[in-house]
Structures are given as structure tokens and as C-alpha cells.
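Trainee: Please take me through this model one feature at a time. I would like the general idea and then the case at hand.

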Amino acid sequence: MSEPLFRDPEAPVADRVGDLLSRMTLTEKVGQVNQRMYGWDAYERTPSGHRLTDAFRAEVAVCDGMGALYGLQRADPWSGVTAETGIGAGDGARVSDAVQRYVVENTRLGIPVLLVEEMPHGLQALDGTLLPVNLAVGATWDPELYEEAAALAAAELRARGGHVALVSALDLVRDPRWGRAEECFGEDPYLAARFTEALVRGVQGPAGDRIGPDRAAVVLKHFAGQGATVGGRNSAATELGARELHEIHLVAALAGVRAGAAGVMAAYNEFDGVPCAASRHLLTEVLRERWGFGGLVMADGLAIDRLVRMAGDPVAAGAMALRAGTDLSLWDDCYPRLAEAVRRGLVDESALDTAVGRVLALKVRLGLFENPYTTARPPAPGRLERLSERIARESVTLLEHDGATLPFAGRRIGTVAVIGPNADSVPQQIGDYTAPQRPGTGSSVLAGIRAAAPEGTTVTYAPGCGLVGGDRSGLAGAVALAASADVAVLVLGGSSARESGTRFDANGAAVVAAGNPVEMTCGEGVDLAELGLPEGQSALLEAVAATGTPVVVVLVQGRPHALPDLTGTAAAVLSAWYPGPWGGRAVADVLFGAAEPQGRLPVSVPRSAAQLPVFYNGKDHGYRGYVDQPATARHPFGHGLTYATVEYGEPRLSEASLAADRLDGPEPPTCTVRVTNTGGRAVSETVQLYVRRVLGGSSWPRVRELRGFARVELAPGDSAEVTFPVDARTLASFTYAGEWAVEPGEFAIGTGPSSHRTQEAGLTVTAGAHGDSRAGRSAR
């Protein structure tokens with residue numbers, strides 16, 4: 001008897017999916033759009049290894065199959081999985097294959113299950129290799145480096161039997177009070193889009209129907225606008241117009257779709273009153289019909305259950321999400337009842353078939369019907385760790401410097417006093433969504449400095465204060481150390497480290513209300529009203545600075561904290577973000593001069609929470625600022641100092657005026673700028689291109705918008721010319737016609753080292769030869 005068409009690896013994906021759908025019962029179809037079970041409930045640890053649970057077997061039996069299983073290898077305080085009870089690297093493939101084997105061999109059609117894992121900054125599993133958080137990645141302004149790391153993280157996931165990587169990429173830090181700021185690449189849509197493209201290329205490999213055995217399918221989180229919730233409150237409402245949605249919050253998503261992303265996750269927030277998981281406008285009209293997306297839409301955890309308040313009951317809520325375009329659920333009680341929704345006439349079975357087809361198509365693309373079991377090998381030992389440390393090193397951002405204190409190399413330093421609550425804690429520098437780390441993993445800032453200090457230099461240490469609160473009991477000891485040292489390194493900031501005593505919402509978000517003693521200041525569910533450093537840390541900074549010893553402040557943080565004017569207080573201020581397990585070594589390399597500071601701000605640093613929003617690309621209607629403080633950022637988007645000095649020439653345009661339709665041609669105009677290293681050290685400079693509309697257009701323009709960046713390496717005294725294309729993609733804006741287009745008018749094209757330090761050249765764009773100004777860009 002011949003094999004059915006859906007098992008023919010040579011047949012087109014659509015034909016295989018169609019054949020399989022024709023063989024399925026309504027119950028089996030419902031099973032394929034469900035991801036009901038928490039993966040850590042599918043196994044239990046035994047003295048000899050792991051065994052599948054009766055609960056897992058019962059879940060498979062409900063619909064004679066399983067669409068996907070979330071978090072089989074997840075470990076953290078929310079899941080309750082520890083190093084003693086979880087799945088380590090050595091057992092990952094074996095347990096995954098046991099799950100898969102049971103599903104394939106104990107269901108009528110033998111449809112394999114998708115194993116879905118969190119991979120926000122490395123695989124969230126025991127022994128998973130962590131990367132710095134996305135905000136640190138964004139600070140590198142180096143998408144190619146991130147693409148390389150994402151590819152290795154995907155290979156690590158596949159080597160342990162996983163198939164789908166959930167990665168935050170689409171949210172933007174429009175309000176840094178939001179606890180999930182660390183999961184964003186920054187505040188800017190263009191920067192986020194370039195990193196999202198790199199993520200998709202790295203995780204999935206070359207574009208095409210198939211995803212290789214050493215790559216994974218990527219589901220991009222979150223679609224859409226979640227970074228714009230009111231007040232920076234997690235899962236709160238958004239108040240976005242269509243233009244703001246498209247110009248800011250959909251740019252990275254469109255870039256990810258164009259790059260071939262296998263899926264997106266619908267966000268918790270609403271758009272125009274409708275939660276994203278129920279928004280036909282977003283999930284069908286924009287994502288599928290306008291953009292042509294053919295991949296999978298996954299709901300966020302328990303998001304569909306929230307729709308019951310609108311729909312009236314779980315059956316109707318499931319039907320609402322399915323009609324809108326949500327294909328795969330996550331833990332909810334609504335999608336298991338979709339058969340009832342079909343029988344009640346609340347949704348057509350054809351809509352269910354469409355969703356099932358997308359789930360099946362992904363399984364085909366991953367090659368699971370040919371070989372459902374693990375074949376990939378893990379990356380070479382240490383390779384991803386080295387990339388993680390390199391990202392951390394490139395992300396360190398020098399915000400302020402007196403020009404003399406750093407680097408330490410070449411100076412006679414007898415004693416370095418390392419002080420602060422973030423100085424000696426690896427857990428506090430690795431961010432949210434992380435598994436417990438094995439003892440000895442990583443390097444704290446203190447450990448990194450001790451290892452980097454030359455012979456004859458003494459390194460002393462005192463925490464000085466707690467991470468949160470105003471306890472001053474440790475100040476005296478810290479001040480004494482600083483007073484007797486040649487330099488003090490003050491390591492301050494925040495933490496997203498989840499503790500065993502943390503309370504969690506049903507979806508895994510931390511519950512940290514005012515007065516809660518858990519020392520989390522960032523992470524999912526941990527939003528701040530005030531962005532300044534806690535009282536104890538501020539007091540520590542003031543007391544140490546008062547000793548007269550030069551102070552270098554290192555901020556380990558998952559959001560930009562509002563900073564006071566530290567001129568005269570600190571000799572230097574660096575942001576290390578959450579640099580990952582090996583971030584301490586990276587910070588030490590920059591402090592001692594083994595590496596140059598290369599990071600550039602992916603977000604604007606506010607002066608206070610009271611002045612928010614402070615992102616650079618807002619709209620200016622003539623506002624001049626508050627009475628009691630400036631409206632400008634403490635440090636602007638794109639800012640970052642080096643140990644050298646770089647001079648910029650004036651930008652030169654190849655043409656000063658042209659017709660809009662020329663911008664779509666093979667040889668668009670260019671903008672060139674000459675940069676020169678006038679310092680005594682080699683420098684890695686990130687040259688930035690900004691566009692500002694001066695006259696014309698159908699809507700009020702933004703102050704300026706990033707439209708390009710390039711890294712250039714300069715030895716002392718060297719110069720280089722950096723050239724950017726000025727094409728339709730550079731000048732287009734979102735129009736009332738619902739498309740990206742270049743509208744005639746006058747533009748200022750600026751180049752410089754940050755958003756607030758540019759020199760500009762003027763460009764006039766006229767209507768095309770036939771009066772057509774719609775020079776669009778296929779990928780924003």
C-alpha cells in the first residue's frame with residue numbers, strides 16, 4: 001500500500017497539507033490548534049531519568065493528537081522547575097524524542113507535535129547558553145553579530161529537540177517605565193527592524209519552504225503596539241492612531257514578515273478597543289491581506305480566555321479569536337471547545353481548516369513528517385558563550401567621561417574599590433526569562449575586574465546598600481573603602497532576577513506590587529512609576545563621590561534609569577545593560593582598555609519620569625520645554641562616547657533635487673560623510689543617518705528619523721568616507737492612502753554620532769514625470 005500524499009517529501013507543502021486535512025476529523029483538527037499543556041507537566045524526574053506523565057497521555061488522547069507543546073524544557077521559579085527536577089542539556093533530546101514518539105505512535109494519523117520553547121536571549125532551559133538581553137543587543141548596533149548568535153541559539157534549541165523559538169523582537173521602548181523594556185531592541189522602529197531581520201535570518205536560515213534540521217522556526221513577539229501601553233503598565237490599553245501604529249509599531253513586524261518569519265504572537269494589548277488576539281483588522285486585513293503573510297499566528301498565554309468578557313462564554317471567545325486570524329492557542333480553555341463553536345454555527349469549519357493548515361504547514365517545513373526525532377548536533381562547546389561575551393562587550397555604552405579616568409590601563413592604580421549591589425551578582429545581570437544557572441557559570445563585574453587587574457593592583461569590595469529600599473547601614477564601610485582607593489567602580493542599577501518567593505500571575509508575569517520585598521525592579525510585570533535609582537543607591541553614589549576618589553559608575557540595567565546631572569560627581573558613567581552571564585568580563589575589558597567602548601544608546605535616557613515621553617522621534621509643534629526642567633533627554637538616542645575623538649565633515653548629497661520616481665531606480669542618490677579619528681586610540685565609530693522633513697507631506701513630520709547606520713574602524717589619524725543610499729526606503733512615510741510612499745517636499749539629510757548631533761544637507765523631491773509621487777518601498 002502506497003504512502004499517503006502528506007507523507008511524500010517531494011510533494012508541495014500545500015498539497016501535503018490539503019491531503020492531510022481531508023483525512024482529519026473535526027476533533028483531530030481542534031487538537032492541532034491547541035497548545036493547552038504546560039510542557040513541564042508532561043514529564044517527571046525519576047531516579048533513572050525522566051518519564052512521561054499520565055496527564056500528558058490524557059492530553060494527547062483528548063483530541064487524538066497535539067498541535068504544540070510549550071516549554072517542555074523551561075526552568076524558572078514560575079514553572080517551579082529546578083536544576084534537580086528539570087531537563088539538562090544531556091537529556092533534552094532524549095525527553096523531547098520520547099514526547100514525540102508517544103504522539104506519533106499513539107494517534108491515528110501520527111501527526112508530530114511542535115515543541116515550542118522560549119528563546120528571548122538564548123534558550124530558556126537548564127544549560128541553555130544565555131545572551132545579553134535584547135536592549136543590550138540593540139546597543140551594539142550590529143545586526144550581523146546578532147544574526148550569528150541567533151543561528152547558534154537556534155542550533156542549540158534543535159539539538160535538544162525543540163522546533164519553535166519564541167523571541168521578543170517587535171516591541172519598542174516608548175515608555176521606559178514598562179518592565180519589559182529589556183526585551184526590546186530599543187525605541188526606534190528602523191533599528192528594531194534591522195535586528196528583527198537578522199533574527200529571522202539567523203534562526204531560520206536561508207529563506208525558502210524548508211527550515212533546516214539545525215535551524216528553528218521563529219515566532220516574533222508581540223504583534224502589535226505592546227510597548228505603547230498607557231503609563232508603561234504591563235498588558236494595559238494602548239491609545240494609538242493608525243499612523244502611529246504603522247510608522248512606529250508595525251515597522252519591525254513588516255521587516256520580519258518580509259524576511260520570512262514563520263509566525264507572530266498576538267499581543268495582550270488592544271488596538272482601537274479590540275484585543276490583538278481578536279483583531280481581524282490586525283491579524284487578517286493588515287498581516288495577511290495587505291502584507292501577504294502566510295505563517296502562523298499564536299496567541300499569548302491565556303489571552304483568548306480574556307475574550308470571554310467580550311464574547312460571553314469560552315466557546316464564543318474561541319470563535320472570536322479564530323475568526324480574527326489566531327491559529328494556535330496558548331494554555332487557554334477556549335480553543336479546546338472549538339468543535340462546539342463549529343457545531344453552534346459560531347465559526348465555519350473552513351476557518352478552522354485554514355488555521356489547522358498553517359500549523360501543519362509549519363510541521364512540513366520543519367521536516368517533522370520525514371524525521372520527527374532529533375538529528376541536530378549542538379554548536380561547538382564555548383562558541384555561543386564567546387559570542388555572548390562579545391555582544392556584551394560591544395554593548396557597553398560610555399555615557400559620560402572626564403576624558404582622563406578611563407581606561408585604567410597605563411595609569412598607576414594601587415587599589416580599585418568595587419562597590420554596589422550589582423557588583424557581585426551574576427543573577428542580577430542576566431535578565432528575565434532565564435533558567436537557573438549552574439554554579440560557577442559566568443562572571444560578575446567584581447570577578448571580571450579582579451581577573452583583569454594587573455599584578456600589583458588590589459581590588460576591594462563592599463555592596464554598600466541593598467538593590468532596593470533606603471537602608472544606609474552599609475554606607476560607612478563602602479565609603480571607607482572608596483576613600484582609601486585610587487578609583488571607585490560603583491556598580492548600580494536594577495535586576496530582573498526571579499526569586500523562589502516571587503508571586504506570579506497565571507501567565508507567568510511577576511506580581512510585584514508596591515511594598516513587596518522581592519528585589520525585582522524590571523521584567524515582565526515589574527513596572528516602575530519612578531525611574532531614578534532607588535534611595536539607597538542614590539545615597540551610596542553621593543557618599544562615595546564625596547570622598548574625592550574618582551568614581552566610575554557602571555549601570556547594570558534592563559531599562560534606561562533616569563539620571564541626575566552627574567557632572568562633577570562621576571568621572572565616567574557606563575551602561576552595561578543586562579550583559580548576560582559573562583558580562584562582568586566584558587565590562588572589565590572596557591574599564592581596563594582591552595576593548596574600546598562601542599555601544600550606542602538604543603533608547604533615550606530621561607532626566608526624570610515626569611518628562612516622559614522622551615523618545616527622539618516624536619513630533620514637535622513648537623513646544624519649548626517645561627518650566628522646571630528641559631524636555632530633552634539626559635542622553636539622546638544614538639549617543640555613546642569613545643576613548644578617542646572623532647570629527648565629522650559635512651554630509652554631501654550626490655544630487656540636491658530629483659523626481660520621486662528616481663528613488664526607486666537602480667542608482668538612487670547617495671549621502672556621503674567623511675569621519676576622522678583625531679584621538680590617540682583606535683576607534684569603532686557608528687555613523688548614523690537621519691532624515692527630517694522640512695516642507696511638504698500630508699501629515700505633520702517627526703522631529704527626525706533614523707534611516708541608516710554603518711560601523712567604521714579608524715586607527716589614530718585615519719579618515720574614512722561612509723556612503724548611504726538615499727532611496728525610497730530612506731524617505732518614505734505612511735500616507736493616508738494606507739501605504740508607504742515618498743511625498744514631494746524638502747528634506748534635511750543628516751549624519752552624525754547621535755540623533756542630536758548631526759550636520760545636514762538639503763534635498764528637494766518633486767513629483768514624478770507623470771505626477772506620481774508614490775515611490776514606495778516593498779520592505780520598510
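**Backbone, strands and spaces**

Mentor: Leu-302 lies in the loop between strand 10 (296–299) and helix 11 (308–311). Helices (H or I, at least four residues) and strands (E, at least two) are DSSP runs, numbered from the N terminus. The model is predicted: local features need pLDDT of at least 70 and side-chain atom pairs count only at pLDDT 80 or more, while totals for chains, interfaces and linings use all residues. Residues are numbered from 1 along each chain as its sequence is written, and side-chain values use heavy atoms, with hydrogens and water left out.

Trainee: What is the phi of Leu-302?

Mentor: Most residues other than glycine have a negative phi, and most peptide bonds are trans. Leu-302 is not a glycine, yet its phi is positive, at about 65°. Leu-302 has 18% relative accessibility and therefore counts as buried (under 20% relative accessible area; exposed is over 50%, partly exposed in between; 1.4 Å probe, protein chains only).

Trainee: Which loop holds Trp-331, and is Trp-331 buried or exposed?

Mentor: The loop that holds Trp-331 runs between helix 12 (314–324) and helix 13 (338–343). Trp-331 is buried, with a relative accessible area of 4%. Its phi is also positive, near 75°, in a residue other than glycine.

Trainee: Where are the cis peptide bonds?

Mentor: One joins Lys-221 to His-222, with omega near 0°. His-222 belongs to strand 6 (residues 217–223). Another cis bond leads from Leu-406 to Pro-407, with omega near -5°. Pro-407 is found in the loop between strand 11 and strand 12 (415–419).

Trainee: How many of the residues of helix 14 are buried?

Mentor: Twelve of the 17 are buried, so helix 14 is largely enclosed by the rest of the structure. Helix 14 covers residues 349–365. Just after it, Gly-367 takes a positive phi of about 75°.

Trainee: Now the strands. How do strand 1 and strand 2 run?

Mentor: Two strands pair if DSSP finds at least two bridges between them. Strand 1 (residues 43–46) and strand 2 (residues 49–52) run antiparallel and are joined by four bridges. They form a hairpin with two residues between them. Within this pair, Glu-44 stands opposite Arg-51 in strand 2.

Trainee: What is the order of the open sheet of six strands?

Mentor: The order is 11-18-17-14-12-13, and the pairing is mixed. Strand 11 (397–401) and strand 13 (458–462) are at the edges with a single partner strand each, so one side of each is left without a neighbour in the sheet. Within the sheet, strand 17 (residues 551–556) and strand 18 (residues 572–575) run parallel, joined by four bridges. Val-554 stands opposite Leu-574 in strand 18.

Trainee: Where is the place of Val-396?

Mentor: Val-396 sits in the loop between helix 15 (383–395) and strand 11. Val-396 counts as buried, because its relative accessibility is 1%.

Trainee: How are a pocket and a cavity told apart?

Mentor: On a 1 Å grid over the protein atoms alone, a cavity is a set of points where a 1.4 Å probe fits but cannot get out, whereas a pocket is an open set with protein on both sides within 12 Å along at least five of seven lines; lining residues have an atom within 4 Å of a point. Grid points are joined across faces, edges and corners, and a volume is the space filled by probe spheres set on the points. The largest pocket here has a volume of about 660 Å³. It is lined by 27 residues, and Phe-615, Gly-618, Lys-619, Ala-631 and Val-703 lie nearest its centre. That lining divides into twelve nonpolar, nine polar and six charged residues (nonpolar: Ala, Val, Leu, Ile, Met, Phe, Trp, Tyr, Cys and Pro; charged: Asp, Glu, Lys and Arg; polar: the others, Gly among them).

Trainee: How many cavities of 30 Å³ or more are there?

Mentor: The count comes to seven. The largest cavity has a volume of about 200 Å³. Of its 17 lining residues, Arg-693, Pro-701, Arg-702, Glu-705 and Ser-733 are closest to its centre. Strand 23 (683–696), strand 24 (705–714) and helix 20 (728–731) each give two or more residues to this lining, and strand 23 gives the largest share, three residues. By class, the lining has seven nonpolar, three polar and seven charged residues.

Trainee: Which residues are closest to the centre of the second largest cavity?

Mentor: The second largest cavity has a volume of about 100 Å³. Of the 16 residues that line it, Glu-118, Asp-300, Trp-331, Tyr-433 and Asn-507 are closest to its centre.

Technical notes
The expected span of a helix is 1.5 Å times one less than its number of residues.
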